[in-house]
Amino acid sequence: FLIGSFLVPFALLIWLIEHVTRLWLAGSGETALVPFRLLLAFAAGGALGVWPAALIEHLLTGLVPFGYFLWVAVAEEVVKLAIVVLLAVGLTAYRRRDGMALGAAVGLGFSAFESAGYAYDIARAQGTLNVPAIIEVQISRGLLTPVGHALWTALAAGALFAAASAASRLRLTWSVLGWLGVAVALHAGWDVSAGVAAAVVAAIFGDSLTLAEFRRGVLPSPTTAESALLGGLRTVLLAINAAVGLLLVRWQWRRPGSQAR
């Protein structure tokens, strides 16, 4: 569970730490982060992020049954951004790129702990330790880690740091809310992609689809052709979502950030 869940997120965290360390040791003033803060962000993203998000999304989906994927995305993105705010206390400057790095570290930690939970759920649901199924989930989630939680939180956190006041205070501006909305939209679109693909395939072949099947992104009794089309369509939807997210991250990374001290 732990090796499969943490391998890719922690490798990406090390890459972030190396980037920040080079800037920090050079003393160029391009970053206010220290490597330890990124490591702390990874731990906080998982240890402090997953269970409050799960509780909030359970309450939201219970109160408002419609829009399940939207409420899940809102709960998780708000919790992760709140953790970024807590970790930003004490920084001498708020720069967009620092915010993106810190947000990415929080998202990586969240992703690692969440993947471990998915693996555990598979083992518990099937009643036996189905190693191939667990490995399949770990590989798929590991490969998609760079365009998931880390990317979404980086967008919102970068906007948050860029909106800091001249007095080095974080502010909740319309720009921050807008980028948080973008993160929520990407997150919700990612989660609902399997359901959308299942609904499209069901409509093409004249099948019926229950709400539970839509949420799980599965067909009741799929044929070989339906399974192939379902997998291909979901891959296309995820690829489009990832491409949009990467383009937004690239665009925001190149924008000038706040130099407040």
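User: Where does Phe1 lie?

Analyst: Phe1 lies in the segment before α1; helices are DSSP runs of H or I of at least four residues, numbered from the N terminus. This is a predicted model, in which local features need pLDDT of at least 70, side-chain atom pairs count only at pLDDT 80 or more, and totals for chains, interfaces and linings use all residues. Residues are numbered from 1 along each chain as its sequence is written, and side-chain values use heavy atoms, with hydrogens and water left out.

User: Is Phe1 buried, exposed or partly exposed?

Analyst: Phe1 has a relative accessible area of 42%, so it is partly exposed. Buried means under 20% relative accessible area, exposed over 50%, and partly exposed in between, with a 1.4 Å probe and protein chains only.

User: Which residues is Phe1 in contact with, leaving aside neighbours within four places in sequence?

Analyst: Phe1 is in contact with Ala119, Tyr120, Ala123, Leu129, Ile134 and Gln138, neighbours within four places in sequence being left aside. Contact means heavy atoms within 4.5 Å.

User: On to α1 and α2. At what angle do they pack?

Analyst: The angle is about 160 degrees, and the axes are 9 Å apart. Axes are lines fitted to C-alpha atoms, for helices over the stretch in contact, and angles run from 0 to 180 degrees between N-to-C directions. α1 and α2 are therefore roughly antiparallel to each other, a term for angles over 145 degrees.

User: Which residues meet there?

Analyst: From α1, the residues include Phe6, Phe10, Leu13 and Trp24. Pro35, Leu38, Leu39 and Phe42 are those in α2.

User: Which members of the largest nonpolar core touch the most others?

Analyst: Leu38, Val84, Leu102 and Phe161 do, out of 40 residues in that core. α5 (96-126) is among the helices that each supply at least two residues, and the largest share, nine residues, comes from α5. A nonpolar core is a set of buried Ala, Val, Leu, Ile, Met, Phe, Trp, Tyr and Cys residues joined through side-chain atoms within 4.5 Å.

User: How many residues of α7 are buried?

Analyst: In α7, 13 of its 14 residues are buried, and the helix is mostly covered.

User: And how far does α10 reach?

Analyst: α10 covers residues 224-253 and reaches 43 Å from its first C-alpha to its last, close to the 44 Å expected. The expected span is 1.5 Å times one less than the number of residues. Buried residues in α10 include Glu226, Leu230, Asn241 and Gln252.

Definitions and conventions
Angles under 35 degrees count as roughly parallel, over 145 as roughly antiparallel, 65 to 115 as roughly perpendicular and the rest as oblique.
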